[in-house]
Amino acid sequence: MKILIKNGRLVDPQNNLDAIMDILIAEGKIAQVARSIQADTQNIIDATDKIVMPGLVDMHVHLREPGREDKETVASATQAALKGGVTSVLAMPNTNPAIDGAGQVRLLREIIRKSSLANVFIAAAITKGRLGQELTDLAALKKEGIAAISDDGTSVDNQDLMLGALKNAKQQNLLVICHCEDKSLSANGVVNLGFTSTRLGLRGISKESEYTRVARDIQLAKNAQAPIHIAHVSCQESLDLIAQAKKQGLKVTAETAPHYFSLSEEAVLGYDTNMKVNPPLRSRQDMLSLKQALKDGVIDVIASDHAPHTENEKAIEFERAEFGAVGLETELAVAITELIDKGFLDWPGLVRKMCLNPARILGINKGALTVGADADLIVVSPDEEWTVKKEELWSKSKNSPFIGKKLRGVVEYTFLGGEAVYKR
Amino acid sequence: MVWNKKDLLGLEDLTKEEIGLILATAESFKEISTREIKKVPALRGKTVVNLFYEPSTRTRVSFEVAAKRLSADVINIATETSSVKKGETLIDTGMNIQALKADIIVVRHNASGAAAMLARQVDISVVNAGDGWHEHPTQALLDIFTLKEKLGKIEGLNVAIVGDIAHSRVARSNIWGLTKLGAKVTVCAPKMLIPTAIEEMGVSVTQDIDEALKNADAVNVLRMQFERDADAAFPEQLDYFKNFGITEERLKKAKKEIIVMHPGPINRGIEISSEVADGTNSVILEQVTNGIAVRMAVLFLVAQTQEKKDDPLDSA
């Protein structure tokens, strides 16, 4: 099937493109990219005034299946993803059972094969059961085709073990994604330690609990000569460490989630549990620093850390509510509203953070509109304003911190493998 | 000015005028407790439910007495013997109480923000009787009422608050109330019990008890809360008494007429000596008496907003 998308502003930093171009899709691939294409097809989409860009590659998503299908399933999450312009996701392994062995990977693959609507890449756990005690068999996992490893949700506390994991990962050419948190410092905290925690009378999570672990993991990665990717960076101090590591030529990449560069701890005043995330929303200064870090390149990736939780787990006392926010459907719009509109990123920059860089870091052939590549792309109305409504969210769980917020940027079409899988 | 809030959740959200209104209303109710028949029909036919998730003598009984003096019907739910034990959520409990057509829920809970959460979900009035470490508005109001009665004003007063500030809802509510009314507040505690960035609430901070008491017109002595969730770092009882305890010796270095307050219950010999607690500077029992008037005022004011809601002429 041929589809011709005309007159859109094509943004494809991989191929140095940011211009009004036509793009032809055929047989699931990008067939042609040119100023003016004539093609023998009735499937023509007029993308005048629209942005045409690669589909988002979200490298931090919790699909919850297997085990917590009440929160989300592979089917519901990928459906929500397509609506948000996300065509590829990296599934985090903190499911039940955890993805910590070849058998579990195959189990998840089967679920994906049967029910997924988008591309799902799999991250496996660093330690068995994510318990931080025994390393998983990376050779076996690599054979199953996993894309990265992470114990996300926790950090591996034992230094020796983490060093061992990094060395193994280096040997197997696998990326280690680090959830940096020292639980002995964050113990039982529920919001950022600071004026807000004092005002609300809630236990605070210090920034130390994050950046001391960032420092440790960078050091261990240096010892092991292994590349690492720091997940969900939330504060200035972590940024400084990452910037320093990059200056030293270490292979350290980093991501942040949309809520960290668009919301600060004040959002928690009023005890809205949709604002309860780990790491917590930090100060306004940290929020600004993250925006700046995206501009400067210290942060390479924007990933949602999509973390669905049921109503029962969120509509309770703040200190007892689960940590996490959904983000697949809002991440692009938040990035447009908070970064492009506010001058921190231009369109090629945004495409780098949300499509190209994550693909490169994971070593997958996505995130670009190269001729011959899979036709995973989206058409976006960049200026259209919309308000996030709880009842309009497609994700099974509705714990979004952006409910009621006005955002700019709407996905009109999502193409996956050359097929229009989402139309607004 | 007119009171228009269905709930009383804390002093942080109140204006100076709203606090003034509660105090003035309390003033007019104080006299009722001195009559032979301690009753007015202001809340006759109304139902007040005390929903207490934490143990309490003073606050719960005080609210009950206050409600009854206004002729309201009072129901006490001690969660130990309720369906909360079966896992019923706070919101469900609140909705059920509302379904029983109660008018006001007075709630005490161990989770900060619980009162606000409940107030968002129910249409009836919610009065916060203490939520976690967050606020205990009626306690601060009665503390301020007592100070005003004794010293004639709040503006310009030097008030010291001593004790476990970090975990104290009494401290937070007092800080909001006192600073809004123009008092100068100093908090004094070992470093581990001072919460982060508390200066941003407009208070001075010191670890030196003598410095805190030196120019103080009043000192509010908080209970050392050994039963509330112990964090790893917590001072030893005897150390605390030695360095921060309010004793007659300590008071010698303060103003002679310094007012000594305590929200109760007092731990004799830990944060305050018996001599001081029972001595002439202490207004601890007067605070309790004033608590009745203040709580009558609060119940009366929030009940009024319900009335306005029910008035069919209002929506015409």
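**View 1. A:Lys207 sits in the loop between β12 (204–205) and α7 of chain A.** Helices (H or I, at least four residues) and strands (E, at least two) are DSSP runs, numbered from the N terminus. This is a predicted model, in which local features need pLDDT of at least 70 and side-chain atom pairs count only at pLDDT 80 or more, while totals for chains, interfaces and linings use all residues. Residues are numbered from 1 along each chain as its sequence is written, with chains lettered from A and ligands numbered from 1 in the order in which they are written. A:Lys207 is buried, because 23 other C-beta atoms lie within 10 Å (buried means 20 or more such atoms within 10 Å of a residue's own C-beta, exposed 12 or fewer, and partly exposed in between, with C-beta atoms placed from the backbone). Leaving aside residues up to four places away in sequence, A:Lys207 touches A:Cys235, A:Glu237 and A:Arg282; contact requires C-beta atoms, placed from the backbone, within 7 Å. A:Met21 is 186 residues apart from A:Lys207 along the chain, and their C-alpha atoms are separated by 46 Å.

**View 2. Here is helix α4 (residues 159–172) of chain A.** Its 14 residues reach 20 Å from first C-alpha to last, close to the 20 Å expected at 1.5 Å a residue (the expected span is 1.5 Å times one less than the number of residues). Look for the buried residues of α4(A): A:Met162, A:Ala165, A:Leu166, A:Asn168 and A:Ala169. They lie on the same side of α4(A) because they cover an arc of only 165° around the axis, taken from the directions from the helix axis to the C-beta atoms. Their cover includes α3 (138–143), β9 (148–150), β10 (175–178) and α7 (208–224) of chain A. After α4(A) comes A:Asn173, with a positive phi near 55°.

**View 3. Now meet an open sheet of 4 strands in chain B.** The order is β2-β1-β3-β4, with parallel pairing; strands pair if DSSP finds at least two bridges between them. At the edges are β2 (73–78) and β4 (125–131) of chain B, each pairing on one side only. Strand β3 (residues 104–109) of chain B runs parallel to β4(B), joined by 5 bridges. B:Val107 stands opposite B:Asn128 in β4(B).

**View 4. This is where chain B meets chain A: 19 residues of chain B contact 17 of chain A.** On the chain B side, α3 (90–99), α4 (114–121) and α6 (169–180) each supply at least two residues. The largest share, 3 residues, comes from α4(B).

How values were computed. Two residues are in contact if their C-beta atoms, placed from the backbone, lie within 7 Å.
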